[in-house]
Amino acid sequence: MKTMATYDFMESMRNTNEWLGASARAFASYPVFGLVPHPMFKVMSAWGRITERSFARMVIKPDWGIRTIVGSDDRDHLVNIETVVARPFGDLIHFNVMGREPMARRVLLVAPMSGHYSTLVRSTVISLLPDCDVYVTDWHNARDIPVSAGKFDVEDYTLYLVDFMRHLGPQTNVVAVCQPAPLTLAATAYLAEEDPDAQPRTLTLIGGPIDPDAAPTEVTDFGRRLTMGQLEHLAIQRVGFKYAGAGRLVYPGLLQLASFISMNLDRHSKAFSDKILAASKGEDGERDAHNRFYDEYLSVMDMTAEFYLSTVERVFKKREIATNTFEVAGKRVDIGKITDVAVKTVEGTEDDISAPGQCLAALALCTGLPEEKKASHLEPGAGHYGIFAGKSWRKNIRPLVLDFIDQNAGGASPKRSGAKTRIRAV
């Protein structure tokens, strides 16, 4: 009950701030205050509107918002999001472009489960859709999963990826973004030994902590400073009575969001002060850059306690992936068993989450893979977000990833349609 009360208290604080914002917005927007020539009321209304929106977003799952693509035939093609594998803690979804010819590239995009919803990679999906048949791992919010569904830790996560890869078959090209990179590498190695015919064709690892000690960051230092007991005491709570997962031990998304914001507090403070000033002048917009970014950034989800704690202990502290000692269901997963899957790593020079060197360590672990099937790219000036969703991804990294897929396709390179294709997202 102690941690359940803490969870409900945190939710009450969020709800109170949302209410304060709504109250300030409504009060300062009374028409009679238009007779008072003072900017305070406009500033108060702007503050209230932005505060209400920001705190409301924290418990809303964002929509993918991908409606149609305009293909090379200059016709609108509806995009239908279909669930192809449904599991309690996460689904495999398919962005089915209706009426389009089958695509040569089949891509499984493994989205992070690190506090944000899978929609964090929406822009990555949008950029890949014109040229690829895209599948994405859609992880569920732990607060909405009943305790009766059981546990979910790093081994379960790895086996989910194994099942998804098996379902899609050997013609799949896997792209793992950030947090799932180590476990996606382990899942590929698991298949290499247990079911070689189901291995993906290529594996691209983007900004993932394969070896956290290769280049320490604030994230890795935090995990090293605290013992597992301290971490469990400080970070783990029980879901409150409001949600279907009441009683489940989780690492709350609101707590993760607080840590995200604290890492760049000055930047976020300036962004919100600038937004309030612009709104008070009537210079903001419903879908301006601020709202587009923060509507996604502030939408957070809970992770199961066992997944969070086992990630910290086994991936960061014990470095089981980096030392090739990771086990699934009592069986060691030998990364050296990967002999046929082409592997590429992507890093950014300004990445302060997974610094350069952490992801590159994957190639050294693939001792059974020929050098010609290994590739790496270090993007100058790119931060963590930029290497999979920003300008660096769109202009430089995405074309390199598609070229890497084509080079290992085993046949003629597919014709790219990206230059003639536009996405309509709402």
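Ser114 is found in the loop between β4 (106–110) and α3 (122–128). The structure is a predicted model. A search of the whole structure finds two cavities of 30 Å³ or more.

**Ser114 and its surroundings**

- Leaving aside residues up to four places away in sequence, Ser114 touches Gln179, Gln256, Phe260 and Met303.
- Met303, one of the residues that Ser114 touches, is also among those that line the second largest cavity.
- Between Ser114 and Gly253 the C-alpha to C-alpha distance is 8.7 Å, although 139 residues separate them in sequence.
- Gly253 is itself one of the residues that line the largest cavity.

**The largest cavity**

- The volume of the largest cavity is about 90 Å³.
- Its lining is made up of Tyr7, Met10, Glu11, Met58, Val59, Arg143, Tyr243, Pro252, Gly253, Leu254, Val300 and Asp302.
- Two elements, α1 (2–28) and α8 (253–263), each give two or more residues to the lining of the largest cavity.
- α1 provides the largest share of this lining, with three residues.
- Sorted by class, the lining of the largest cavity has eight nonpolar, one polar and three charged residues.

**The second largest cavity**

- The second largest cavity has a volume of about 30 Å³.
- Phe89, Met113, His140, Ala142, Ile145, Phe152, Asp302, Met303 and Thr304 form the lining of the second largest cavity.
- In this lining, six residues are nonpolar, two are polar and one is charged.
- Asp302 lines the second largest cavity and also lines the largest cavity.

**Packing of α9 and α10**

- Helix α9 (residues 265–280) packs with helix α10 (residues 289–297) at an angle of about 130°, and their axes are 12 Å apart.
- Because angles over 145 degrees count as roughly antiparallel and those of 65 to 115 as roughly perpendicular, this angle makes α9 oblique to α10.
- The crossing in which α9 passes α10 is left-handed.
- On the α9 side, the contact is made by His268, Ala271, Phe272 and Lys275.
- On the α10 side, His290, Asn291, Tyr294 and Tyr297 make the contact.
- Taken by class, the contact of α9 with α10 has four nonpolar, three polar and one charged residues.

Notes
Residues are numbered from 1 along each chain as its sequence is written. This is a predicted model: local features need pLDDT of at least 70, side-chain atom pairs count only at pLDDT 80 or more; totals for chains, interfaces and linings use all residues. Side-chain values use heavy atoms; hydrogens and water are left out. On a 1 Å grid over the protein atoms alone, a cavity is a set of points where a 1.4 Å probe fits but cannot get out, and a pocket is an open set with protein on both sides within 12 Å along at least five of seven lines; lining residues have an atom within 4 Å of a point. Grid points are joined across faces, edges and corners, and a volume is the space filled by probe spheres set on the points. Helices (H or I, at least four residues) and strands (E, at least two) are DSSP runs, numbered from the N terminus. Ala, Val, Leu, Ile, Met, Phe, Trp, Tyr, Cys and Pro count as nonpolar, Asp, Glu, Lys and Arg as charged, and the others, Gly among them, as polar. Axes are lines fitted to C-alpha atoms, for helices over the stretch in contact, and angles run from 0 to 180 degrees between N-to-C directions. Angles under 35 degrees count as roughly parallel, over 145 as roughly antiparallel, 65 to 115 as roughly perpendicular and the rest as oblique. A crossing is left-handed if the near helix is turned anticlockwise from the far one by less than a right angle, and right-handed if clockwise. Contact means heavy atoms within 4.5 Å.
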